[in-house]
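I opened the model today to look up a metal site and the packing around it. My entries follow.

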Amino acid sequence: MTTNAELLELCHHLGEPSLELAIAAEGNASYRVDSDAMAIKASGSSLLTMQDEDIVEVRLSTLLALLDAEPTDDQVHAAYQSSKIDPDARKPSVEAILHAILYATTHASVIAHTHPVAINAIGCSTHPELLVSGSLFPDAIVMLGSAQLLIPYTDPGVPLARAVEKGVRTFQQENGFDPSVIYLANHGVFVLAQSTTQAMQTTLMAVKNAEVLLRSLVNGGPAFLSDEQVRRIDTRPDELYRRSILSTE
Ligand SMILES: [Zn+2]
């Protein structure tokens, strides 16, 4: 299982200024502790400088109960406070409910959420759908999967968590697997992984993919691989091997 030390290492890497993934208190990351608990970055802390005390363990069921009603802001605040396994711990990230719904609906063990400049350059444009319009190169397929999910802009908090849940369930029905990458238009990206290493590598590949996409737009536009080419890469034994190595490191 993932450890707090591994989560801290991931957060410090995600917060590295030169990567342009997050500044100030932007972004967060978490790992699944057990079927009803996750450890997540505290609200207001910085990815780059966070310490052990900035990791909060919370009960998923307490947060998920918010989705059954139309909670007020005060009720959301109260649920966030009561979800803490250690009552004296800091308040969990405001986006904790998104992590909770993703652990409840997928097999993710680690989740990383950032606001990368390159991804938002497309996600905040008039054509955010370009992010999920096709695969550009083999390594993107290996690390991001043959399909990714895009959620239109939604009010943060409970409404966004509901939109993500609906989007993930539809994606699973259409593709038969969990999304590894969920783009949020006008917001950022969620990466679902099996290890902190995979979460970092997948985030970096999603950013690289966005940068390649952006630059292709000044040279006639993206040349997406055909469905057959994507399927071939997606099922090649050597590529499956590379993917399995990444998920266990
Ligand atoms: Zn965010």
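Predicted model: local features only at pLDDT ≥ 70, side-chain atom pairs only at ≥ 80, totals over all residues.

I checked the angles at the zinc ion first. Its four donor atoms subtend 84 to 157°, so I noted the arrangement as irregular.

Residues are numbered from 1 along each chain as its sequence is written, and side-chain values use heavy atoms, without hydrogens and water.

I listed the protein donors: Glu95 (OE), His113 (NE2), His115 (NE2) and His187 (NE2), at 2.0 to 2.2 Å from the zinc ion. Donors are N, O and S atoms within 2.8 Å of the metal (3.2 Å for Na, K and Ca); water is not among the atoms, so sites may look incomplete. The sequence spacing reads E-x17-H-x1-H-x71-H.

His113 sits in strand β4 (residues 110-114) and His187 in the loop between β6 (181-184) and β7 (188-193), so the pair ties together parts 74 residues apart in sequence. Strands (E, at least two residues) and helices (H or I, at least four) are DSSP runs, numbered from the N terminus.

Buried or exposed: which is His113? His113 is buried, at 0% relative accessible area. His187 is buried too, at 13%. Buried means under 20%, exposed over 50%, partly exposed in between (1.4 Å probe, protein chains only).

Note on methods:
Tetrahedral: all angles 85-135°; square planar, octahedral: opposite > 155°, others 65-115°.
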